[in-house]
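Thank you all for coming. I would like to take you through a few local details and then through the contact between two chains, so please keep the structure in view while I talk.

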Amino acid sequence: MEDEYKKWLAQYRKGYIELCTLVTLKTKGAMHGLALIRFFEEMELLVNEGTLYPLLNRMETNGWLSSSWNIPKTKGHPKREYEISKKGEIILPTLLESYELHHKSFTKIKESKNEY
Amino acid sequence: MNTKSYIKQLKQHLLALDTTKSNEIIKEIESYIQESNASYETLVEKFGKPNELASNYLEDMPQATPKNNSFWKSTKKVMTIVASTILAIILITSYIVYEVTKDSFDYSKYDATTITSKVNDLWINIDGITEIRTEQAEVVFYWGENEKLKYNCKGMDYSQTGSVLTIKQAHCFIILPKQTTKITSFQADVILIAPKYNVNLDFRQSNVRIAEMGNSYNYNISAKQSKVENFNSKQSDTTINATVYQSKVKHYKY
């Protein structure tokens, strides 16, 4: 039962986290993985590293994000920073529209329950 | 267990990915370790076990070069290099063999008169030769107008016994007079350039090439266990009688 729930959650969250990532990077600019996790945490969206890092990788492969290594001039270590790509910016409104439509539909479905 | 072993295990599980992609992922996780000062246990807690994290990365990713393929790819590369090297050796060897064995010049461009200028070493004249025997020799025959046989040889042994000139293990140019009517050869390479008079040939285990030079000949060829190219026999004053055994007879081509 727990495994089935985990599978469902993983499937459900993938698209959702992708959307949140695109929106965040669009509004806040380039960020590295850990900064994104911390930001999501502040927004009460709990995403673990094992989910987000592969997802960022996949989004980059899709062409929705681009990444570059930010090497500090004085001290610190290189960080891989992600930003929304042109393709990502083009697709984002469609994804948002889709999400909102689904959300509305879901609300309707949920509310209609009482009518039966 | 430490973070290095986590990275090592992750690398192993990411072998199916393209190397560049895999290196980027490893570098990013290493960057995370430095940033958060994570331990092995923290990594497992945050990212999952190395195999789990790898499978998350591999999911939906193009696995263009799975490790086995990578092995076959490198094997294929090695095989290609080996095959190319072998091919190159064969080509070079063939070229060397061709260069070494090919005629030193186009013999058919010369006749009994001009060959003596082309090969201007010592030419010997002998009278009364009716038969030539060649053994393990390379001999080019021309037909001349003179009464005497003329020859130019380089090699081991050439001797006269009565009316027979025997040539063994030598390379010779011979200009035959009308009276020399028989040529026998054993394991020899013989070239006949435009025979002018009737001749009886007896070839055994030999390679024979005949340059007709536009002349017509009346051929009587009797061959056993031999490869004989098609020679058109025509009405002619010159008859070539040939008995061929375990030999190759073909048209002369340079």
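Gln136(B) sits in the loop between β2 (131-135) and β3 (138-143) of chain B, where helices (H or I, at least four residues) and strands (E, at least two) are DSSP runs numbered from the N terminus. This is a predicted model, in which local features need pLDDT of at least 70 and side-chain atom pairs count only at pLDDT 80 or more, while totals for chains, interfaces and linings use all residues. Residues are numbered from 1 along each chain as its sequence is written, chains are lettered from A and ligands numbered from 1 in the order in which they are written, and side-chain values use heavy atoms, with hydrogens and water left out.

Most residues other than glycine have a negative phi. Gln136(B), however, has a positive phi near 45°, and Gln187(B), in the loop between β6 (182-186) and β7 (189-193) of chain B, has a positive phi of about 50°. Gln136(B) is partly exposed, at 42% relative accessible area, that is, between buried (under 20%) and exposed (over 50%), with a 1.4 Å probe and protein chains only.

Turning to the interface, chain B and chain A have six salt bridges between them, each a side-chain nitrogen of Lys or Arg within 4 Å of a carboxyl oxygen of Asp or Glu. One of these joins Glu59(B) to Lys14(A), with the closest N and O atoms 2.6 Å apart. On the side of chain B that touches chain A, the elements giving two or more residues are α2 (19-36), α3 (40-47) and α4 (50-58) of chain B, and α2(B) supplies the largest share, 11 residues.
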